[in-house]
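Hi,

Here is the structure I promised to pass on. Have a look at it first, and then read on for what I found.

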Amino acid sequence: MKAKYKGVLDLGEQLAIANGDVKEENGILHVTGTAKNQYEKNLLWDKIKEIGGESPTDIMANIEVADTSVFANHTVVKGETLGKISKKYYGKSGKYNAIFEANTNILKNPDAIQIGQELVIPNL
């Protein structure tokens, strides 16, 4: 099972999942750990479903979330806009204003974000 779900385990390492543990018992892979935020937990679940199907029966995952007050944290990189960031996290660019409103402590204009800024991506 570990070989089948190697992509999930690799992603867990890449995301630095805290308290991660993986055990295989009776043909079922048991995965536990704590993601930094809901977005990272969702990434893990998406990878599990990509490999095992919509309702896999050969893996049991119990992923906690360390910070439930935000959906994610994001560092602005070259070429990004709030619309692009919104599309990445929410699937819709039109929700950019929610990101702007959550970051008015560092943003004065939704069209003027800067590389390296650390943005809070709020729960919607």
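Let me start with a question: is Q117 buried or exposed? By its relative accessible area of 15%, Q117 is buried, because anything under 20% counts as such. One caution before going further: this is a predicted model, so please read everything below as computed from it.

Staying with Q117 for a moment, you'll find it in the loop between α4 (96-102) and β5 (118-121). Leaving aside residues up to four places away in sequence, Q117 touches H74, T75, V76, I106 and L107. Its side chain also reaches the backbone nitrogen of Q114, at 2.7 Å.

Now the overall picture. The protein chain has four helices and five strands, and from the N terminus on they run α-β-β-α-β-β-α-α-β. Along the principal axes, the C-alpha atoms fill a box of roughly 55 × 25 × 25 Å. Of the 124 residues in the chain, 35% are buried. If you take the contacts between residues at least 6 apart in sequence, 60% of them join residues at least 24 apart. The accessible surface comes to about 7,400 Å², and carbon and sulfur atoms account for 49% of that. As for charge, there are 15 positive and 16 negative side chains, with the centres of the two sets 5 Å apart.

Helix α2 is worth a look on your screen. It covers residues 38-52, 15 residues in total, and reaches 21 Å from its first C-alpha to its last, close to the 21 Å expected at 1.5 Å a residue. At its start, a side-chain oxygen of N37 comes to within 3.2 Å of the backbone nitrogen of Y39. Just after the helix, G53 takes a positive phi of about 95 degrees.

Which residues of α2 are buried? They are Y39, E40, L44 and I48. The elements covering them include α1 (6-14), β2 (28-35), β3 (59-65), β4 (72-75) and α3 (82-90).

Most residues other than glycine have a negative phi. A16, in the loop between α1 and β1 (18-25), has a positive phi near 55 degrees without being a glycine. N26 is not a glycine either, and its phi is positive at about 50 degrees. You'll see N26 in the loop between β1 and β2. Is N26 buried or exposed? With a relative accessible area of 81%, N26 is exposed, because the cut-off for that is over 50%.

Last stop: Y96, in helix α4. At 36% relative accessibility, Y96 counts as partly exposed, because that value falls between the 20% and 50% cut-offs. Its C-alpha is separated by 5.1 Å from that of S86, 10 residues apart along the chain. Not counting residues up to four places away in sequence, Y96 touches L82, G83, S86 and P110.

Cheers

Key: Residues are numbered from 1 along each chain as its sequence is written. This is a predicted model: local features need pLDDT of at least 70, side-chain atom pairs count only at pLDDT 80 or more; totals for chains, interfaces and linings use all residues. Side-chain values use heavy atoms; hydrogens and water are left out. Helices (H or I, at least four residues) and strands (E, at least two) are DSSP runs, numbered from the N terminus. The expected span of a helix is 1.5 Å times one less than its number of residues. Buried means under 20% relative accessible area, exposed over 50%, partly exposed in between (1.4 Å probe, protein chains only). Contact means heavy atoms within 4.5 Å. A polar contact is a pair of N or O atoms within 3.5 Å; within protein, one must be able to donate a hydrogen and the other to accept it, and residues adjacent in sequence count only if both atoms are side-chain atoms. Accessible areas come from the Shrake-Rupley method with a 1.4 Å probe; for residues, only the protein chains shown count as cover. Lys and Arg count as positive and Asp and Glu as negative; His and the chain ends are not counted. The place of a charge is taken as NZ of Lys, CZ of Arg, CG of Asp or CD of Glu.
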